[in-house]
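Subject: Structure handover

Hi,

Here is the structure I promised to pass on. Please have it open while you read the notes below it.

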Amino acid sequence: MKLIPVSPHRKISSSDLFVLIVEKGGDPKLPPEIAIPSAVTKGFGGDAREMRLTDAIKGPAKRVLLVGAGNGTMDTDIFRRCGALIAKKAEKIGAESVTVGYALNGHENALGLGQALAEGLVMGSYQLEDFKSDRNKASLKRVRIGCEGDFKKGVVRGRIIGEANCLARRLQDTPANLMRPRDLVEEARAIAAGSDQVKLKVFDEKAMGRMKMGSLISVSRGSEEPAFLIHLVYRPKKKSRAKACFVGKGLTFDAGGISLKPSAKMHEMKYDMSGGAAVLGAMAAVADLKPDVEVHVLVPTSENLPDGKANKPGDLVTAMNGITIEILNTDAEGRLILADALAYAEKTIKPDSMIDLATLTGAVVVGLGHEYSGATGNDDSLVDALVGAGKRCGELVWPLPIHPQHEKDMKGSVGDLQNISGPATGAGSSTGGAFLKNFVGDVPWVHLDIAGSAWGAADRDYQGGASGTGVGVRLLLEYVESL
Ligand code: BES
Ligand code: ZN
Ligand code: ZN
């Protein structure tokens, strides 16, 4: 679907559907050239998500849709939902072209509202890439939005961000035999190819061996598919205001390894690369939004399978910073691949801030459910910045502690660390964070456990339900914007 900003002063072009967004208590005032039966507008309250569809009596559109925005101008999420409802309704009636009436000139948050509406339109038209042979092709081809000024700026920004979210969701939803570590490398290559400001480095197992990333490369030993470390960097043309680094867990399938997972729900572990999907999506948008911030994206990517060569419980590995790790559970593999990626970032990139996103623990799903990502870290103000960014963009973040006891719980008896805590310590998401803390040095860092929020979230029109959420893309971009 193509989202096209058009001048609100131009003649309305002909389309299958004209959409008017109406605030609560507002007057559904159509442009003079469009007429619909007066009974349709009568009594339309403009409540959030209220909709009325009718044939037009005259005008450039075949049909007209009234969409209620409630008090949406106070709450951008309603606008995002409106966008998604419009896309879904258009798809449902088989419309190819849609025109959205100009609504909000001069509003103080015009930029945020335009962005949310565009995000909703794009995200709402996401369809699970359909691998069925009799698939229905999407009907919706073009959405024109009458807009100017800040609202138009928001629409352009929202289109980029919405598309980045859809990119992340496509990577998530693609089955694991079609989205292997090598496929994530190709996706990163495509992002770099699309921009002269983005450069890609890929480390294969040999290169990672030379860099002594013994923890990362141990995880793929049980798989036929080799592991990689993806490193993308975006450099602004103007002077950079900050250097940020985003690291995403890219486990394209997590069977648990020798510590095999139960088979119920194991298929969901294709989503164990959701952190990687999020940071790649964020980079795709950064390349288009062109902030004055240097952004590094790292994706350690591997499968975790049982095999004769796989890690065994009790094995010892050494990460590139020299820390030794006793692998007591091969299913706690995310932290093993992240350890070397974080140590690499700390040593070679030296960012001002570092954020990792990982579907790290089932424990965070127990603690926070599907609407929040859990945040641990070594810097309270960075945690606060992400909680704030989450509130603004609707990708919610909740802080979790790292108590000195959690750090003690990860100390090893054979090696420096063990990759799981003892059976009675609890606090699984915090101890995961406590483990990772050993690999970031003094860099201000936050670990976002997205095991709950990456999929399985409630339907919000623009995301949720059966597919991955692409969580993290909008959050990271909001964070970059705040720098
Ligand atoms: N990828 C899983 C975490 C996960 C579980 C995400 C369920 C989403 C839903 C991770 O690699 C894992 O297996 N973690 C273990 C850690 C434990 C062994 C300390 C877990 O959560 O059980
Ligand atoms: Zn695991
Ligand atoms: Zn995992």
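Below are the notes on a metal site, the cysteines and one threonine.

This is a predicted model: local features need pLDDT of at least 70, side-chain atom pairs count only at pLDDT 80 or more, and totals for chains, interfaces and linings use all residues. Residues are numbered from 1 along each chain as its sequence is written, chains are lettered from A and ligands numbered from 1 in the order in which they are written, and side-chain values use heavy atoms, with hydrogens and water left out.

Metal site

The zinc ion (ligand 2) is held by Asp 254 (OD), Asp 331 (O), Asp 331 (OD) and Glu 333 (OE). Distances run from 2.0 to 2.2 Å. Donors here are N, O and S atoms within 2.8 Å of the metal (3.2 Å for Na, K and Ca); water is not among the atoms, so sites may look incomplete. The donor residues follow the spacing D-x76-D-x1-E in sequence.

Asp 254 also bridges to the zinc ion (ligand 3). The two zinc ions, ligand 2 and ligand 3, lie 3.2 Å apart. Asp 254 sits in strand β10 (residues 250–254) and Asp 331 in the loop between β13 (324–327) and α9 (334–349), so the pair ties together parts that are 77 residues apart in sequence. Helices (H or I, at least four residues) and strands (E, at least two) are DSSP runs, numbered from the N terminus.

Asp 254 is buried, at 2% relative accessibility. Asp 331 is partly exposed, at 22%. The cut-offs: buried is under 20% relative accessible area, exposed over 50%, partly exposed in between (1.4 Å probe, protein chains only).

Cysteines

The whole structure has 0 disulfides (pairs of cysteine sulfur atoms within 2.5 Å). Cys 166 is buried at 13% relative accessibility, and Cys 245 is buried at 0%.

Thr 301

Thr 301 belongs to strand β11 (residues 294–304). Thr 301 is buried, with a relative accessible area of 0%. Its side chain reaches the backbone oxygen of Gly 250 at 2.8 Å. Leaving out residues up to four places away in sequence, Thr 301 touches Pro 181, Leu 184, Ala 227, Phe 228, Ile 230, Gly 250 and Thr 252. Contact means heavy atoms within 4.5 Å.

Best wishes

Terms used. Polar contact = N/O pair within 3.5 Å; in protein donor to acceptor, adjacent residues only side chain to side chain.
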